[in-house]
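Trainee: I am new to this structure. Could you walk me through it?

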Amino acid sequence: KLLGQGVHGYTCQTQCVAGSNVSYRWYGPDFNTSMTVAQFREQQGQAAKMLQERLPPGSTIEIVAVTEEMQGDSRVLKSQRLTTLNDGRKQHVVSSFVFGPGTPFSLISSGDDEAAVKANFAQFLAATMLVARLGPANR
């Protein structure tokens, strides 16, 4: 479903691990596809600070890892975050920007189960990369 501002979201039931969420957003040709891993790390740090301000007191957000990897001929900047709420519940998030042939996009997978979040991310990354290559006219 369309969540707004060009963000498409899925609440997982049968197509991915139930109880998780996956969303993606397409970007235009003016998007900074030369973003470095250092710039991405800084952007993710700012996002974590903004999100932290919205959480109940006693909750924390930790950036667990920031990586750059190649998936075929596409470059993936990926961040893993762990949010611990003040009641002890945890939420895992994998957030990324993907640059390669076709349209640049971001992909986010989140949920309570770290393994499910990572599996959903991998599943949607492959499919979204294929669609990105088709270009805007074919989506």
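Mentor: Start with a term. A cavity is a set of grid points where a 1.4 Å probe fits but cannot get out, and its lining residues have an atom within 4 Å of a point. Keep in mind that this is a predicted model.

Trainee: Which residues line the largest cavity?

Mentor: The search of the whole structure finds 1 cavity of 30 Å³ or more. Its volume is about 30 Å³. A residue joins the lining if one of its atoms lies within 4 Å of a cavity point. The lining residues are Ser 74, Val 98, Gly 100, Pro 101, Thr 103, Phe 105, Met 129 and Ala 132.

Trainee: How many residues of that lining are nonpolar, polar and charged?

Mentor: Val, Pro, Phe, Met and Ala count as nonpolar, while Gly is put with the polar residues. The lining of the largest cavity therefore divides into 5 nonpolar, 3 polar and no charged.

Trainee: In what order do the helices and strands run?

Mentor: The chain has 2 helices and 7 strands. The order is β-β-β-α-β-β-β-β-α.

Trainee: What share of the chain's residues is buried?

Mentor: Buried means under 20% relative accessible area. The chain has 139 residues. The share that counts as buried is 40%.

Trainee: Is the pair of Tyr 24 and Trp 26 stacked or edge-to-face?

Mentor: The structure holds 8 aromatic pairs. In the pair of Tyr 24 and Trp 26, the ring centres are 5.4 Å apart and the planes stand at 70°. Planes over 60 degrees apart count as edge-to-face. So the pair of Tyr 24 and Trp 26 is edge-to-face.

Trainee: Are Tyr 24 and Trp 26 buried or exposed?

Mentor: The cut-off for buried is under 20%. Tyr 24 has a relative accessible area of 13%, and Trp 26 has 16%. So Tyr 24 is buried, and Trp 26 is buried.

Trainee: How many residues apart are Phe 40 and Phe 97?

Mentor: Phe 40 and Phe 97 form an edge-to-face pair, 5.7 Å centre to centre with 75° between the planes. Phe 40 sits in helix 1 and Phe 97 in strand 6, so the pair links distant parts of the chain. The two are 57 residues apart.

Conventions:
Residues numbered from 1 in each chain as written. Predicted model: local features only at pLDDT ≥ 70, side-chain atom pairs only at ≥ 80, totals over all residues. Heavy atoms only, no water. Helix = DSSP H or I, 4+ residues; strand = E, 2+ residues; numbered from the N terminus. Buried < 20%, exposed > 50% of the residue type's maximum accessible area, 1.4 Å probe, protein only. 1 Å grid on protein atoms, 1.4 Å probe; cavity = no way out; pocket = protein on both sides within 12 Å on 5 of 7 lines; lining within 4 Å. Points joined across faces, edges and corners; volume = space filled by probe spheres on them. Phe/Tyr/Trp six-rings, centres within 6.5 Å; stacked < 30°, edge-to-face > 60°.
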